[in-house]
Amino acid sequence: MAHKMALTIFLILAYYASQSTDAHPLKICKFDQIYQLGDSISDTGNLIREYPIGANTAFGKLPYGETFSKNATGRCSNGFLMIDYIAMAAGLPLLQPYKNTAADFVHGANFAVAGSTALPSRVLESKKIFNPVTTSSLDIQLDWMSSHFDSTCVDHRDCMEKLRHALFMVGEIGGNDYNYAIFQGKSIDELKSMVPDVVNVIMEGVKLNDFATYHNEKLQQAIHKLQQETPNAMIIYGDYYNAYQFLLEFARIYGFDTERACCGIGGKYSFNMTRMCGAPGVEVCSDPHRYMSWDGVHLTQEGYKIMSAWLIHNIFHKFHCHF
């Protein structure tokens, strides 16, 4: 119990420390670049640059991004995401979206696309599951990454040297594969049958709590196997699930609103699938820093800040970084 209490206190302190721009708890690891793959949890502006749907999504317009320099950047929140806090913790600039051709990618690039899936669209379609948002699944993002390195490296050895101190973030991804299946009427058994395929794709490139645990167990088993196969690479599991569990407990203790969406309308949870954040007449709360849910699907900046503090603490010792 004392250990758990000490851990909780440490995490709270880490959370408050992260408010300071001078706090760089990952700087000791000397990462000089970060590369991100994933979905809306991590997208810093790729979807809104995709034609034809992207430019018309709500993510490219206020109130999205209202806390982030009062400007929408394509982030699916009111402000910063977890990858933003991780970059700041490493003492690096915020990651630019790969689709921003005018961006500076000296310190890495973000290939994540909101709405993307782990499985390719053609594989999902074979299962009668359709992605209504984007076809930029994990395999496409990996192709972008490969093209990026081809354009910046002389050869394989040059790339290996340049990326010696790079941090690669693979995910969060895979959630939308299941989300689309659920929204399109698939059963839990049908979802479970997808897990090996989704986990395999990731390795190669709310009654759903039990299901999420099942996915995470399989994913960690696959990571352990991958670690044995690639002993020269440091592969670490970032436990977003337990980070979110901590977020809920932290929010309960300190009086944050964990049920209602800050930007939304309708019913007990201020959420309506047909009138979501950004739609005409949908209200935005006046104090988003007291809410954990931004739009009923994505977290607020405050929520992502708390989760990132937990994740940074959780993965730091696994990197074996030294002064």
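# Briefing: aromatic pairs, cores and backbone features

The structure holds 15 aromatic pairs. It is a predicted model, and every value below was computed from that model.

**Aromatic rings**

- Tyrosine 98 and phenylalanine 111 form a tilted pair, with 5.0 Å from centre to centre and 45 degrees between the planes.
- Tyrosine 98 belongs to the loop between α2 (82–89) and β2 (108–110), while phenylalanine 111 belongs to the loop between β2 and α3 (121–126), so this pair ties together parts that are 13 residues apart in sequence.
- Tyrosine 98 is partly exposed, because its relative accessible area is 22% and the partly exposed class begins where the buried class, under 20%, ends.
- Phenylalanine 111 has a relative accessible area of 0% and is therefore buried.
- Phenylalanine 149 and phenylalanine 168 form an edge-to-face pair, with 6.3 Å from centre to centre and 75 degrees between the planes.
- This second pair links distant parts of the chain: phenylalanine 149 is in helix α4 and phenylalanine 168 is in strand β3 (residues 166–170), 19 residues apart.
- Phenylalanine 149 is buried at a relative accessible area of 12%, whereas phenylalanine 168 is partly exposed at 37% relative accessibility.
- Both pairs belong to a cluster in which ring pairs link Tyr35, Tyr98, Phe105, Phe111, Trp144, Phe149 and Phe168.

- Histidine 148 is placed in helix α4.
- Its relative accessibility is 6%, so histidine 148 counts as buried.

**Nonpolar cores**

- In soluble globular proteins, nonpolar side chains tend to be buried together.
- The largest nonpolar core has 46 residues, of which Tyr35, Met194 and Ile202 touch the most other members.
- At least two residues of this core come from each of β1 (33–37), α4 (138–152), α6 (175–183), α7 (188–203) and α8 (209–229).
- Helix α7 supplies the largest share of the core, namely seven residues.
- Methionine 194 touches Leu119, Leu124, Lys127, Ile129, Asp177, Tyr178 and Ala181, when residues up to four places away in sequence are not counted.

**An enclosed helix, α2**

- Seven of the eight residues of α2 are buried, so this helix is largely enclosed by the rest of the structure.
- The buried residues of α2 are Met82, Ile83, Asp84, Tyr85, Ile86, Ala87 and Ala89.
- Among the elements that cover these buried residues are β1, β2, β3, α9 (240–254) and α10 (301–316).
- Just after α2, glycine 91 takes a positive phi of about 75 degrees.

- Which residues make the nonpolar surface patch of about 310 Å²? The patch is made by Ile182, Phe183 and Met273.
- Methionine 273 is found in the loop between β4 (257–261) and β5 (291–293).

**Cis peptide bonds**

- The peptide bond from tyrosine 51 to proline 52 is cis, with omega near 5 degrees.
- A cis peptide bond also joins leucine 62 and proline 63, where omega is about 15 degrees.
- Proline 52 lies in the loop between β1 and α2, and proline 63 lies in the loop between β1 and α2 as well.

- Lysine 30 is not a glycine, yet it has a positive phi of about 60 degrees.
- The place of lysine 30 is the loop between α1 (2–17) and β1.
- Lysine 30 is exposed, because its relative accessible area is 58% and the cut-off for exposed is over 50%.
- Serine 270 is not a glycine either, and has a positive phi of about 50 degrees.
- Serine 270 lies in the loop between β4 and β5, where methionine 273 is also found.
- At 17% relative accessibility, serine 270 counts as buried, because the cut-off for buried is under 20%.

Definitions and conventions: Residues numbered from 1 in each chain as written. Predicted model: local features only at pLDDT ≥ 70, side-chain atom pairs only at ≥ 80, totals over all residues. Heavy atoms only, no water. Core = buried A, V, L, I, M, F, W, Y, C linked by side-chain atoms within 4.5 Å. Buried < 20%, exposed > 50% of the residue type's maximum accessible area, 1.4 Å probe, protein only. Helix = DSSP H or I, 4+ residues; strand = E, 2+ residues; numbered from the N terminus. Contact = heavy atoms within 4.5 Å. Patch = residues over 30% accessible without salt bridge, like charges linked within 9 Å, V, L, I, M, F, W, Y side chains within 5 Å. Areas by Shrake-Rupley, 256 points an atom, 1.4 Å probe, with all protein chains shown as cover. Salt bridge = Lys/Arg side-chain N within 4 Å of Asp/Glu carboxyl O. Phe/Tyr/Trp six-rings, centres within 6.5 Å; stacked < 30°, edge-to-face > 60°.
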